[in-house]
Amino acid sequence: MSTTLADRVAKRATRSPAVPSNRPAQPASLVQFVQQMRPEIERALPAHLGGADRIARIALTELRRVEHLAECTQESFAGALMTCAQLGLEPGGVSGEAYLLPFWSKKARAYEVQLVLGYQGMIKLYWQHPLAAGLDTHTVHEGDLFEYEYGLEPKLKHIPARGNAKGQPSDYYAVARLTNGGSAFVVLDVEDVETIRKRSKAKDFGPWSTDYDAMARKTCVRQLFKLLPKSAELARAVAHDETVRRDASPEGLDVPGDYIEGELVPQPAPQSTGPAPAVEDVPEQFNGWPEAAEPAVAEAAAQ
């Protein structure tokens, strides 16, 4: 039996009656696969994300939008989607909370889904800790007044320049405040961020390509979190960031994902050749949900 979603789609139209078996029925299409996951998603999903129907619709949109995502193994796709549901993060590039990226595993010789936490997702999880009082992260430009000092009496001062005086980005920083009066900050210059980016399998594609500034600030936030108390959800999220999860059971969130040697699949640049085709066989109850779009496209439309 095929283990990829794409093969299941290819076979759905001409499938003969199955021989009775004790094994559970397998989904015959991507839509049926997502539909089959809806009860588990519903049980794991926080109420503020709008229910399993919305997550299912976003998942279908991502399967159509991201090249090779539909060819990933069912186990890794289900694991990534359940991680998002259990953490209360919305998958897809529009929200900036989490990204589902196709990844060629040299060991499995198949495409697998790698979950990459977004900048907005990490901030969202930080605020779930009872000690959280404030979190800021900013980009420093060459024309800004920027001074900082570590040590027993740390100091941080940033006065942004205005208009054309800003110049190119030179540093990124994140600062957190706690309800007990404590605070901490981390500053990374452009070279620091580049060193960390080059260690990522997704260094040239995905959010590093479409949302570099946000990923640089996320890098600062992640470094800062090493100094701060973390909620259980945030600790789990960090453990699953840029990994592959193959266990979609509720207990799978408590086991760190696998970091597999392989290559991330390059994504083609978005082309404005007209409206994208609708997802085939979308159930009627999904009609009306907005579809995801590339972050760069969404930003251009907002300007």
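This briefing walks you through a protein structure, from its overall make-up to a few individual residues. Keep in mind that the model is predicted. The protein has ten helices and eight strands, and 47% of its 303 residues count as buried.

**The whole protein**

- Now take the contacts in the protein with a separation of 6 or more: residues 24 or more positions apart account for 66% of them.

- Helix H3 covers residues 52-65, and its end C-alpha atoms are 20 Å apart. This agrees with expectation, because 14 residues at 1.5 Å a residue should span 20 Å.
- How many of the 14 residues of H3 are buried? Eleven of them are, which leaves H3 mostly covered.
- You can look for the buried residues of H3 in the structure: Ala52, Arg54, Ile55, Ala56, Arg57, Ile58, Ala59, Leu60, Thr61, Glu62 and Leu63.
- Helix H4, made of residues 74-87, also has its length checked: from first C-alpha to last, its 14 residues reach 20 Å, close to the 20 Å expected at 1.5 Å a residue.
- In H4, 13 of the 14 residues are buried, so the rest of the structure largely encloses this helix.
- Just after H4 comes Gly88, with a positive phi of about 75°.

**The loop between H3 and H4**

- Val66 sits in the loop between H3 and H4. Is Val66 buried or exposed? Val66 counts as buried, because its relative accessibility is 8% and the cut-off for buried is under 20%.
- Along the chain, Val66 and Leu100 are 34 residues apart, while 8.5 Å separates their C-alpha atoms.
- His68 belongs to the loop between H3 and H4 too. Its phi is near 75°, a positive value in a residue other than glycine.
- As background, most residues other than glycine have a negative phi.

- Leu101 is part of strand E1, which runs over residues 98-105. With a relative accessible area of 7%, Leu101 is buried.
- Arg109 lies in the loop between E1 and strand E2, which spans 110-117. Although Arg109 is not a glycine, it has a positive phi of about 55°.
- Is Arg109 buried or exposed? Arg109 counts as exposed, because its relative accessibility is 57% and the cut-off for exposed is over 50%.

**Lys166, between two strands**

- Lys166 can be found in the loop between strand E5 (155-159) and strand E6 (169-178).
- The relative accessible area of Lys166 is 36%, so this residue is partly exposed.
- Which residues does Lys166 touch, leaving aside its neighbours within four places in sequence? Lys166 is in contact with His141, Glu142, Gly143 and Ala161.
- Take Gly143 from that list: Gly143 and Lys166 are 23 residues apart in sequence, but 4.6 Å apart in space from C-alpha to C-alpha.

**Where H6 meets H8**

- Helix H6 (residues 190-198) packs with helix H8 (residues 212-225) at an angle of about 90°, and their axes are 10 Å apart. That angle makes H6 roughly perpendicular to H8.
- On the H6 side, the residues that meet H8 are Val193, Glu194, Ile196 and Arg197. On the H8 side, they are Tyr212, Ala216, Thr219 and Gln223.
- Sorted by class, the contact of H6 with H8 has four nonpolar, two polar and two charged residues.

- Ser200 is in the loop between H6 and helix H7, which covers 207-210.
- Ser200 is buried, with a relative accessible area of 7%.
- Setting aside neighbours within four places in sequence, Ser200 is in contact with Trp208 and Glu242.

Note on methods:
Residues numbered from 1 in each chain as written. Predicted model: local features only at pLDDT ≥ 70, side-chain atom pairs only at ≥ 80, totals over all residues. Heavy atoms only, no water. Helix = DSSP H or I, 4+ residues; strand = E, 2+ residues; numbered from the N terminus. Expected span 1.5 Å × (residues − 1). Buried < 20%, exposed > 50% of the residue type's maximum accessible area, 1.4 Å probe, protein only. Axes fitted to C-alpha atoms, helices over the stretch in contact; angles between N-to-C directions. Parallel < 35°, antiparallel > 145°, perpendicular 65-115°, else oblique. Contact = heavy atoms within 4.5 Å. Nonpolar A, V, L, I, M, F, W, Y, C, P; charged D, E, K, R; others polar.
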